[in-house]
Amino acid sequence: MVTTGGVVGRAEGAGEADGSEAAGTPGRAGEPGTLGPVWSGRTLLVSMAALLAEAVITTVGLTLYSFTQGGPSGNGFMAAFVLPFALVLGALPGFVLAATLVLPTVSLARLAARWGGWQGRPKWWWTAAAAPFTAAGATLAYGTVLALLARSVGPPRAYLVCWLALTAAAVPAALLAAVAGRGTGARRTVWLMLTVVGTGFLAAFVLGAGLLAAGL
């Protein structure tokens, strides 16, 4: 014989589980596959690691591009020499970008998925769709600060290029941050960071070696 209290207890437990899955809210903390908090140490670190990898690839590409210009070739070598120091000093800008661009993109993607009635965790296209909006807000914020510091407003093309660059940077970093936010533990977070940074350096090396070997 089942008591009324037992039936109510089981019904409430089932309702909580269904509601958690439908709304995309996190389950137990640290449980793999569940939606953990967006604003956490692991998502911030993985975001910064992704931005670092993107910066390495971009810097190598710009350095190799400088070799194709008519200026002195020493500029390219100087950029390659300064790269390690720039990466260390770039921890602060990486933190700012992660906190004002990447994590807001993940938050907006989850919010849009919840508003859209999407069952379970948001899909990758929600993140890709949210990136242009958060990049626009970041462009406005950064542009306002720089305009106040310089006491002048830049040309519209500069803001357009900044918006496109921030959008391109936000998508992969936000996707990786979303992966880190799905109940990953400390070991998996460290492994994900090392994998992202290592992949960035490997991609930069392959890009540089390939272009140099091709004579470009």
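Colleague: Hi! How much of the protein chain is buried?
Modeller: Of the 216 residues in the protein chain, 29% are buried; buried means under 20% relative accessible area, exposed over 50%, and partly exposed in between, with a 1.4 Å probe and protein chains only. This is a predicted model, where local features need pLDDT of at least 70, side-chain atom pairs count only at pLDDT 80 or more, and totals for chains, interfaces and linings use all residues. Residues are numbered from 1 along each chain as its sequence is written, and side-chain values use heavy atoms, with hydrogens and water left out.

Colleague: Thanks! How many helices and strands does the chain have?
Modeller: There are seven helices and zero strands, where helices (H or I, at least four residues) and strands (E, at least two) are DSSP runs, numbered from the N terminus. Along the sequence the pattern reads α-α-α-α-α-α-α.

Colleague: How do H2 and H7 sit against each other?
Modeller: The axes of helix H2 (residues 41-67) and helix H7 (residues 186-213) come within 9 Å and cross at roughly 5°. Axes here are lines fitted to C-alpha atoms, for helices over the stretch in contact, with angles running from 0 to 180 degrees between N-to-C directions. H2 is therefore roughly parallel to H7; angles under 35 degrees count as roughly parallel, over 145 as roughly antiparallel, 65 to 115 as roughly perpendicular and the rest as oblique.

Colleague: And what sort of residues make up the contact of H2 with H7?
Modeller: They divide into 20 nonpolar, four polar and one charged. Ala, Val, Leu, Ile, Met, Phe, Trp, Tyr, Cys and Pro count as nonpolar, Asp, Glu, Lys and Arg as charged, and the others, Gly among them, as polar.

Colleague: Nice. Where is Phe-205, by the way?
Modeller: Phe-205 is in helix H7, and it counts as exposed because its relative accessibility is 60%. Phe-205 and Val-60 are 145 residues apart in sequence, yet 8.2 Å apart in space, C-alpha to C-alpha.

Colleague: What about Thr-195: which helix holds it?
Modeller: Thr-195 also belongs to helix H7. At 35% relative accessibility, Thr-195 is partly exposed.

Colleague: Changing topic: what is the phi of Arg-151?
Modeller: Phi of Arg-151 is near 60°, a positive value in a residue other than glycine. Most residues other than glycine have a negative phi. Arg-151 sits in the loop between helix H5 (124-150) and helix H6 (156-180), and its relative accessible area of 79% makes it exposed.
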